Amino acid sequence: MTIPFASFLPMERELGPALREAFDRVFRRSWYVEGAEDEAFERAFAEYLGMRHCVGVGNGLDALMLALKALGIGEGDEVIVPSNTFIATALAVTYVGARVVFVEPDIRTFNIDPARIEGAVTERTKAIMPVHLYGQACDMDPIMEIARRRGLKVVEDCAQAHGATYKGRKVGTFGDAAGFSFYPGKNLGALGDAGAAVTNDDALAEKIRALGNYGSDYKYHHIYKGNNSRLDELQAAFLSVKLPHLDRMNADRRRIAGRYLSGIRNPGVTLPFVRDDCVPVWHIFGVRCEARDALESHLKARGVGTNKHYPIPMHLQECYRDLGYSKGDFPIAEAISATELSLPMYYGMSDEEIECVVEAINTF
């Protein structure tokens, strides 16, 4: 049996007719940017989260960057980000001209360790950007307490955590703003690049929207030096089809994760840790193994697709060489990069496929 790392086929079989109808609807209307589809999805996603505003943008990176820019963060400022995440988090900080300050994660959850944040705060620190990595919520209470006490903004990176909750509350609803990615592989994915920023701040939402529309508050009137980043009508229509199914499809991912957690019994494989006060959505199911590359080869030989998130930590990437970091500066992020392996995880996996993955790992 061949089991891909990810597959859209089960979702496409169910939602294909509705997605095709959405395409036809947009095509018939002949309106492709900033129209009724965008407005409808923004309202629906804001309501889903329990937020006042959702601003559709071109992608998840732009959502984070525009939120930071709207908050007035720029040259000379510092933003705290986890040392273990996808590089888009750091790039958003770089794009507004601020300096990235890495803070190590909790080795159990892979998310930023709140106990380490305060030690990284300086007089130049303006914001904290926690990432709800792999679909597991960060420990937000202590993060928000530090932010309030030190007068810092919080921008949540929710690119992998659509629908995840912390103490019964959806991620993306704690900070001053949050950014979501709707890249096709996300739990709520478009059929191309797309993203959104959410906030409860009326003025901030208005500024994010203007910044993403060339800095314009109305046609040909530009109040900011903005960007071109808007959610197009076609992707908004696709997302509106998929949003009502998000919780159900997340529940299916929890079914798969539950089978992995109960069935994998290899002592050389460390399973994900789940906090009691969090409900993850399992965008990624990442295990750790000191013999990661050998495990990867073993699974490949048995037809099991895998991935690594992420094999080179951000502080060792060439593009951030200017920050002056060296190997050993962030040992927890480096340890995760060297040992993490992501198992197949997608809506609609069959019991047979799940058991095949479990059996392959247990025989390693």
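**Notebook: rings, charges and a sheet**

I started at Y48 and found K170 over the face of its ring, 4.6 Å from the ring centre; a charge counts as over a ring if NZ of Lys or CZ of Arg is within 6 Å of the ring centre and within 35 degrees of the ring normal. R169 likewise lies over the face of F174, at 4.2 Å from the ring centre.

A note to myself: this is a predicted model, where local features need pLDDT of at least 70 and side-chain atom pairs pLDDT 80 or more, while totals for chains, interfaces and linings use all residues. Residues are numbered from 1 along each chain as its sequence is written, and side-chain values use heavy atoms, leaving out hydrogens and water.

Next I looked up aromatic pairs, and the whole structure holds 15. Rings of Phe, Tyr and Trp (its six-membered ring) pair if their centres lie within 6.5 Å; planes under 30 degrees apart are stacked, over 60 edge-to-face, the rest tilted.

How are the rings of F45 and F180 arranged? Their planes stand at 90° with the centres 5.0 Å apart, so I noted the pair as edge-to-face. F45 is in helix 2 and F180 in strand 8, so this pair ties together parts 135 residues apart in sequence. (Helices are DSSP runs of H or I, at least four residues, and strands of E, at least two, numbered from the N terminus.)

Is F45 buried or exposed? F45 is buried at 0% relative accessibility, and F180 is buried with 0% too; buried means under 20% relative accessible area, exposed over 50%, partly exposed in between (1.4 Å probe, protein chains only).

Last, I found that F41, F45, Y48, F180 and F182 form one aromatic cluster.
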